[in-house]
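Subject: Structure handover

Hello,

Here is the structure I promised to pass on. Please open it alongside this note, and then read on for what was found.

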Amino acid sequence: MKLKKLLLRYYPPGIILQYDVDGCMKLKPLDLLDLTPEVDLEVLRAHILPLTNCAFNKSGDRFITGSYDRTCKIWDTHTGDEMHILEGHKNVVYAIAFNNPFGDKVVTGSFDKTARIWDAYTGQCLHILKGHEMEIVCTAFNPQSTLVATGSMDHTARLWDVETGKERATLSGHTAEIVSVCFNTAGDLLATGSFDHDSRLWDVRSGQCVHVLSGHRGEVSSTVFNHAGSLVLSGSIDASARLWDVRSGRCLSVKTGHSDEVLDVAFNASGSCFVSASADGTARLYNTMTGSCLATLTGHTGEISKVAFNPQVLSGHTDEIFSCAFNYEGDSIITGSKDNTCRIWKVTEDPGSQ
């Protein structure tokens with residue numbers, strides 16, 4: 001099901017939902033005067049407008065979704081029930097994250113130029129983070145849950161105190177949009193990826209740039225630390241992925257096997273392997289130590305925009321999948337799609353039983 005139009009009726013007051021199901025256009029009228037708790041609104045699914053992102057808490061019993069409808073929702077993984085609607089943003093909620101491993105707070109970043117920190121159990125807004133001059137497109141908690149990082153179209157990243165909501169530092173230096181922020185495990189370094197073709201490493205305490213990771217010939221789409229914090233992996237629109245040494249800022253390896261843009265990159269849990277996902281419809285798996293390509297993963301008929309480690313084929317969405325995440329135990333996956341739905345997948349030992 002894909003929502004096409006939301007029509008407002010003046011009299012009698014009502015809403016008409018125009019949506020597509022397998023190529024067949026359907027209408028569902030809702031008379032507001034007759035609306036009761038018993039009215040079936042299942043057609044609305046997760047959000048009225050398309051989703052932007054999804055993420056698990058550490059235990060995997062709850063997940064969050066962001067949407068163009070300006071809200072973030074908290075869901076119960078086991079029942080699929082909606083627990084809280086986080087309302088207040090004036091524009092698209094584009095970036096979302098739990099403060100894992102704790103899971104008691106959520107941060108949302110919006111096209112309204114603000115971020116918000118929420119209580120994950122009550123849905124209460126704790127802080128509104130104001131300071132960016134353009135849309136916020138990425139956000140992350142540090143692992144200690146004391147800081148939030150936000151990246152914006154205004155070419156800056158900012159660090160915020162979780163307890164007070166006050167800005168701790170503005171990280172200036174990039175000359176284009178910042179589209180990726182990632183803390184290392186120790187929480188003392190932040191990696192940013194930008195459309196200026198560079199990634200940067202920042203000292204969190206001082207707010208100073210430690211290294212500029214230059215070499216890509218196109219916009220950087222994704223940056224991530226390995227768990228040990230010794231390596232950074234970056235993916236770029238130039239169809240390459242690069243591996244960087246954190247201590248020296250030196251490029252250790254360049255992977256150019258893709259024929260189109262690299263849209264996402266990820267390490268496995270131990271850091272022994274990494275993977276790149278591309279608009280060419282393939283993902284490529286590499287050995288971190290040797291740099292050799294272990295496998296080229298084919299089968300998709302369109303671009304791969306997100307990548308994570310687990311050997312399951314998950315089918316059921318009716319439109320593009322743009323976001324996915326594993327829980328920490330690795331036994332559940334959540335996927336967000338342009339079909340306006342999220343799906344929760346339970347990983348089984350037998351792939352045929354999914």
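A polar contact is a pair of N or O atoms within 3.5 Å, where one must be able to donate a hydrogen and the other to accept it. Keep that in mind for the loops below. Please also note that this is a predicted model.

**Overall build**

The protein chain has 354 residues, and 51% of them are buried. Its secondary structure comes to 0 helices and 30 strands. Take the contacts between residues at least 6 apart in sequence: 36% of these join residues at least 24 apart. The disulfide count is 0. Two of the cysteines are Cys 251 and Cys 293. Cys 251 is partly exposed, at 24% relative accessible area. Cys 293 is partly exposed too, at 34%.

**The loop between β5 and β6**

Start with Asp 69. It sits in the loop that runs from β5 (62-67) to β6 (72-76). Its side chain makes a polar contact with the side chain of Thr 71, at 2.7 Å. That distance falls within the 3.5 Å cut-off. Which side chain of opposite charge is nearest to Asp 69? It is Lys 73, 5.2 Å away. A salt bridge needs a nitrogen and a carboxyl oxygen within 4 Å, so Asp 69, although buried, has no salt bridge.

Arg 70 counts as partly exposed because its relative accessibility is 42%.

**Salt bridges**

Side chains of opposite charge can pair when their charged atoms come close. How many salt bridges does a search of the whole structure find? It finds 4. Three of them are described here.

- Lys 73 forms a salt bridge with Glu 82, with N to O at 3.2 Å. Lys 73 is buried, at 11% relative accessibility. Glu 82 is partly exposed, at 38%.
- Arg 158 pairs with Glu 167 in a salt bridge of 2.8 Å, N to O. Arg 158 is buried, with a relative accessible area of 10%. Glu 167 is partly exposed, at 34%.
- Asp 161 and Arg 168 form another salt bridge, at 3.1 Å from N to O. Asp 161 is buried, at 15% relative accessibility. Arg 168 is exposed, at 52%.

**Nonpolar cores**

The largest nonpolar core has 19 residues. Leu 201, Phe 225, Val 232, Leu 233 and Phe 267 have the most contacts inside it. Which strands each supply at least two residues of this core? They are β17 (189-194), β20 (220-225), β21 (231-236), β22 (241-245) and β24 (262-267).

Look closely at Leu 201. Set aside its neighbours within four places in sequence. Its contacts then include Leu 190, Ala 191, Cys 209, Val 210 and Leu 213. Gln 208 and His 211 are also among them.

**Other loops to visit**

Thr 290 is in the loop between β26 (283-287) and β27 (293-297). Is Thr 290 buried or exposed? It is exposed, because its relative accessible area is 58%. Its side chain makes a polar contact of 2.9 Å with the side chain of Ser 292. Ser 253 is 37 residues away from Thr 290 along the chain, and their C-alpha atoms are 9.5 Å apart.

Ser 145 lies in the loop between β12 (136-141) and β13 (147-152). Its phi is near 60°, again a positive value in a residue other than glycine. Ser 145 is buried, with a relative accessible area of 13%.

Last, go to Pro 101, in the loop between β8 (93-98) and β9 (105-110). A cis peptide bond joins Asn 100 to Pro 101, with omega about 15°.

Best wishes

Terms used:
Residues numbered from 1 in each chain as written. Predicted model: local features only at pLDDT ≥ 70, side-chain atom pairs only at ≥ 80, totals over all residues. Heavy atoms only, no water. Helix = DSSP H or I, 4+ residues; strand = E, 2+ residues; numbered from the N terminus. Buried < 20%, exposed > 50% of the residue type's maximum accessible area, 1.4 Å probe, protein only. Lys, Arg positive; Asp, Glu negative; His and termini not counted. Core = buried A, V, L, I, M, F, W, Y, C linked by side-chain atoms within 4.5 Å. Contact = heavy atoms within 4.5 Å. Disulfide = S-S within 2.5 Å.
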